Amino acid sequence: MNKTILSFFLTFFIAFALYGNNGNDCVCQDKDFRCKTAKKVFEDLVEAKGDKRMPVPCFEIRNSKKAVAYMNGKKRIVGLEVAAYEICRKFGKDSLNAMASLLGHELTHYYEKHIWGKKFYSAYGSLDVAVDIRNLSGAEAQRKAQETQSDYLGGFLAHSAGYNTFGIMGRVIDEVYRVYDLPDEIPNYPSKADRKKLAEESDRQLKELIQYYETANLLLLSGMYEDADRYYEKVLSVFQGREVYNNAGVNASMAALKCILYDKKVDYAYPFELDAESRIMTEDRGNFGFANKEDYFFSKALDYFERAEALDRNYSAAYINQAAVYSLMKKQRHADFFADQALEIAEANKEVYSQEKAYILKGIIAHQAGNAANAKRFLNKALSLNSDSRLAKINLAVVEGKSNLDVINTMGVRTKINSDDDSESIDVSSPGVSGARKTELIDGLSLNAFAQTMDFDFYQVIDDEMEYGRKDMNNAKIMMNMSMDEPEEHYAIFGMTGKNYTGETKLGIKLGDDYKKVVQAYGSPSRTIASRNGFFLMYDRQRIIFTVRKSKVVSWAVTKVKSKD
């Protein structure tokens with residue numbers, strides 16, 4: 001067998017100094033369709049990571065057969081070999097997913113700088129191969145541990161970029177060993193069988209991490225902000241990305257607003273931007289020295305947004321959201337500074353959506369300062385960018401003294417949650433709903449029926465109070481968050497469609513339908529929350545949440561919630 005492969009083929013994915021060129025001399029011509037295709041996957045992954053503290057590595061594709069995919073940290077190169085590209089191409093509809101698994105793996109080596117430690121090893125204590133790794137010499141053990149970390153976090157990175165790598169790595173391993181003519185046993189390296197076992201464990205942990213993130217986002221949308229915060233913290237303890245920090249910050253902002261709204265009014269509709277990136281806190285979750293709960297959550301929100309900003313100084317959402325928090329805290333000078341920064345970045349990057357939000361904030365801040373004329377000018381500027389901007393219209397009505405709308409519903413803050421009603425039927429009194437009362441099902445199962453059995457495929461205690469369960473179905477899944485902490489027992493159960501779900505809601509909505517069909521069938525939503533690439537329609541009485549991108553329904557979740565409020 002080729003000795004070069006043995007020398008550089010550390011579980012066949014990492015090569016630190018294989019090629020001698022520097023980052024400005026990468027071998028990748030966009031006119032080469034293979035380079036163009038692979039480079040697009042690479043760029044998607046870099047954008048999803050959103051960590052601009054480190055220089056973006058150069059991408060190249062090499063007509064060689066030495067290392068499959070590789071990363072040179074010193075020279076800042078991530079590369080893919082033509083032979084590996086052809087392996088991915090054989091995966092057909094999963095070809096880009098296979099490529100994302102390889103490149104996500106290498107980018108994780110780059111961004112994580114190959115530092116782990118004892119915590120990583122203990123996470124794999126259930127595997128015999130992990131025990132073997134712990135018994136190896138430090139350097140050898142660390143290298144092999146890094147490989148498994150890169151499978152795991154590289155998979156989450158790929159998921160964040162829109163690729164599905166579940167079950168891919170094991171199949172890639174088989175093909176790599178075959179095409180590169182490698183024996184199943186290589187001295188001083190994990191065997192093929194052990195490598196596949198580690199890939200399976202990475203898949204399992206990747207699935208858990210993704211489910212925790214999806215649960216956090218659904219809890220946010222359902223108004224269970226404190227529970228959502230725990231899940232965001234759990235994700236952030238493993239994967240630090242700007243979007244996760246941003247969503248965690250929006251969640252903390254909503255928690256603070258919820259506290260405010262118990263005894264006072266908010267006059268404006270704030271344009272928080274949700275992206276569709278700490279350690280886990282298991283101690284007492286009080287106010288940690290803050291005068292009140294809203295101050296605690298505002299401080300936490302700012303910390304999350306600052307971390308997102310630190311990863312990417314050109315991430316406009318982080319500035320928009322900081323401006324909104326400072327405005328709510330009545331710190332107008334800070335708010336105006338961050339709104340200006342957001343506007344400058346959004347204009348430079350031609351982000352019309354973020355420009356609109358920045359002008360809305362400028363209008364709110366101007367009105368808070370007593371300058372109605374400037375407030376109108378900024379809000380009209382927002383409307384010139386988006387004539388349908390509901391937030392701009394509502395805030396303009398506030399400035400003109402004409403508003404009689406529920407500003408809070410516009411922002412999406414949920415202050416009261418259904419608690420004791422076990423019915424799942426759609427209320428026929430809702431606009432757009434006709435006929436007999438109907439129960440929403442997910443893959444033919446009602447959440448009430450599932451709640452009687454709690455037949456989970458996976459169950460885990462999150463911390464001293466929280467429990468999580470999941471059941472996988474054909475093209476859907478059910479996720480549960482529960483707290484048994486007396487006297488504040490509460491839970492949330494979500495039935496969520498998968499991307500290939502072929503069923504429809506009880507009012508005939510299918511994946512791919514225009515969102516206007518949803519409004520026609522279900523009436524006006526209880527709340528709407530905007531994201532950077534779409535929005536969410538929440539129907540509290542009907543207990544269903546629709547995710548909309550490019551005006552089309554891409555998923556929905558049926559909900560069953562009992563709040564501690």
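Two strands count as paired if DSSP finds at least two bridges between them. I kept that rule for every strand pair below, with helices (H or I, at least four residues) and strands (E, at least two) taken as DSSP runs numbered from the N terminus.

**Entry 1: ground rules.** I am working on a predicted model, where local features need pLDDT of at least 70 and side-chain atom pairs count only at pLDDT 80 or more, while totals for chains, interfaces and linings use all residues. Residues are numbered from 1 along each chain as its sequence is written, and side-chain values use heavy atoms, with hydrogens and water left out.

**Entry 2: the chain overall.** I looked up the element count and found 20 helices and 11 strands in the protein chain. Of its 565 residues, 57% count as buried (under 20% relative accessible area; exposed is over 50%, partly exposed in between; 1.4 Å probe, protein chains only). The accessible surface of the protein chain is about 23,900 Å², and carbon and sulfur atoms hold 47% of that. These areas come from the Shrake-Rupley method with a 1.4 Å probe; for residues, only the protein chains shown count as cover.

**Entry 3: confidence.** I checked pLDDT (the predictor's confidence in each residue, from 0 to 100). The protein chain averages 78, and 76% of the residues score at least 70.

Entry 4: I traced an open sheet of eight strands, ordered β4-β5-β6-β7-β11-β10-β9-β8, with antiparallel pairing. Its edge strands, β4 (458-461) and β8 (527-531), each pair on one side only. Neighbouring strands are turned by 15° against each other on average, direction ignored. For such angles, axes are lines fitted to C-alpha atoms, for helices over the stretch in contact, and angles run from 0 to 180 degrees between N-to-C directions. Helix α20 (residues 515-522) lies across β9 (534-539), β10 (544-549) and β11, at about 10° to β9.

**Entry 5: strand β7.** Which strands flank β7 in the sheet order? They are β6 and β11. Strand β6 (residues 476-483) is joined to β7 by eight bridges, running antiparallel, and M479 has F494 as its bridge partner there. On the other pairing, β7 (residues 490-497) and β11 (residues 552-562) are antiparallel over six bridges. In that pair I493 stands opposite K560, and G495 has V558 as its partner.

Is β7 enclosed or open? Eight of its eight residues are buried, so β7 is largely enclosed by the rest of the structure. In a regular strand the side chains alternate between the two faces of the sheet. Here H490, A492, F494 and M496 point one way and Y491, I493, G495 and T497 the other, all of them buried.

**Entry 6: positive phi.** Most residues other than glycine have a negative phi. I noted R76, with phi near 55°, in the loop between β2 (69-72) and β3 (77-81). R76 counts as partly exposed because its relative accessibility is 40%. I also noted K550, with phi near 50°, in the loop between β10 and β11. At 78% relative accessibility, K550 counts as exposed.

How values were computed
Contact = heavy atoms within 4.5 Å.
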